[in-house]
Amino acid sequence: MSDVFYRKLHKQLPVIVKGEGVWLTDAGGKRYLDASGGAMVCNVGHGVAEIADAIAAQARKIAYVNGTQFSNEPVEELATMLAARARWAAYKSYLLSSGSEAVEAALKLARQYHVERGDLARRTIIARTPGYHGNTLLALSASAREHYRRVYAPWLLDVVMIDAPYPYRAGALGESSPAMTGDALETAILSAGPGNVAAFIAEPIGGSSTGASVPPPGYYARVREICDRFGVLFIADEVLTGAGRTGKFFGLEHFKANDGKPVVPDIITLGKGLNGGYAPLSAMMATSAVVETIAKSGGDFQHAQTYSHHAVAAAAGVATLDYIERNDLVERAATMGIRLLQRLREAASSGEAAELVGDVRGIGMLAAVELVADQATKRAFPRDMKVAETLVACALERGLVLWPNVGHADGHDGDLVMIAPPFTLTAVELDELCDRLRDSLAATAAKLRTSKVL
Ligand code: PLP
């Protein structure tokens, strides 16, 4: 009997004792292929000795000083590395521990930016559904995840939700629907009153919420143009898509602004792949225009956390980014991603596996398999069938780790699994992943047939 208070209260969790590359080993010696890198975190693979060594070396030098009293070397270095990667504007990085914290800080910064300019009415946040930005109360307010929100609804803020671009479920209008063109954002700003809107937050490419859905090419040019016209800050939540996951360092780099130049977000959030899982580390990057507005007022950023700008966490970030750079892992994510998608499509369309797959999509090392009860109508399975969970359990039995997401079809129903392996996955491991996925899909279809769902 464990003394740990786990989030999952009805599950006996295997104890992992070792990780190496894409492989995990539990205390009983069973090996698992980590096809989701945990929660789309482990981009450089498990057990990278040089990252572990960099963390240990920093802990020996100095583990912690408070970020309001001192700076430290890895924090300076990491901020410079991030600024170099977002070279289209001057950004300063505020380092935190989790994606939720980075989002929380980004939304608060947007509000403070407007307050310092004397634009006090600007308090409305616009976000997208489906969409996810974290589980602290402000981040959760901006997240369309009904099952997480329900209990805390009385404590959540009103955030205006617009439909996310979701090509597979865009309906009859397809690319000309307001969700896909970006018109939905303009309509929402006009209806909230342009002078009331502080920020628009979006995942540049859908994470688990829309299962690796890629918006149409012109979407972010339109978003940037609308935000500029109405004085609204654009926050790109790259917690999941950042650090190379989609085959570019930032997911937003897949898009261009109207002038053909990069789309410049006012604020960027990073987490997950920034640390590769080696330490709790996230970043909130803000353009110097935003930071200077606050500095000019004579005040400081009104957001305090004991573990911001943490030296050991930052050392993990520096070592992870170094490792990505030296091993060309962003390019590898782009090229292996093409092969991954092709092999996933083959696996998902073979034999019994094909019976429940509606769509296989993705970009770089971020892919999803969406499961449907009816392929012609795209009808989702009723939520109480727990189809995504069944597939994840079947996969785990076969030594394959997948990440489920539910509720995306209509806010309640919808089943998909994410495939987001470390970028270091070899071609042989990729084939192994797809074979295990095919067998897991077939086993899930067989179970559903036994219970007369298929
Ligand atoms: N933003 C996005 C896009 C995410 O996918 C997540 C987590 O899945 C978060 C924010 C929250 O990050 P964390 O779970 O580290 O708090």
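Reader: Which ring does the charged end of Arg-31 sit over?

Author: Arg-31 has its charged end over the ring of Trp-23, 4.5 Å from the ring centre. A charge sits over a ring if NZ of Lys or CZ of Arg is within 6 Å of the ring centre and within 35 degrees of the ring normal. Another case is Lys-378, which lies over the face of Tyr-168 at 4.5 Å from the ring centre. Before we go on, please note that this is a predicted model, in which local features need pLDDT of at least 70 and side-chain atom pairs count only at pLDDT 80 or more, while totals for chains, interfaces and linings use all residues. Residues are numbered from 1 along each chain as its sequence is written, and side-chain values use heavy atoms, with hydrogens and water left out.

Reader: Thanks! What domains does the chain have?

Author: Domain bounds come from an automatic or database domain assignment. Here the assignment gives domain 1 (16–34 + 329–450) and domain 2 (50–326). Their centres, taken over C-alpha atoms, are separated by 27 Å. Domain 1 gives 29 residues to the contact and domain 2 gives 29 residues; contact means heavy atoms within 4.5 Å.

Reader: How many aromatic pairs does the structure hold?

Author: A pair of aromatic rings is described by the distance of the centres and the angle of the planes. Rings of Phe, Tyr and Trp (its six-membered ring) pair if their centres lie within 6.5 Å; planes under 30 degrees apart count as stacked, over 60 as edge-to-face and the rest as tilted. This structure holds 10 such pairs. Tyr-64 and Tyr-307 have ring centres 5.9 Å apart and planes at 65 degrees, so this pair is edge-to-face. The two residues are 243 residues apart in the chain. Tyr-64 is partly exposed at 31% relative accessibility, whereas Tyr-307 is exposed at 54%. Phe-200 and Phe-234 are stacked, at 6.1 Å centre to centre and 20 degrees between the planes.

Reader: Are Phe-200 and Phe-234 buried or exposed?

Author: Phe-200 is buried at 0% relative accessibility, and Phe-234 is buried at 0%. Ring pairs link both into a cluster with Tyr-219, Tyr-220 and Phe-255.

Reader: In what order do the strands of the open sheet come?

Author: Strands of a sheet pair through backbone hydrogen bonds, either parallel or antiparallel. Strands (E, at least two residues) are DSSP runs, numbered from the N terminus, and two strands pair if DSSP finds at least two bridges between them. Here 4 strands form an open sheet in the order 1-2-3-13, with mixed pairing. Strand 1 (16–20) and strand 13 (400–401) are the edge strands. Strand 3 (residues 31–34) pairs with strand 13 in the parallel sense over 2 bridges.

Key:
Buried means under 20% relative accessible area, exposed over 50%, partly exposed in between (1.4 Å probe, protein chains only).
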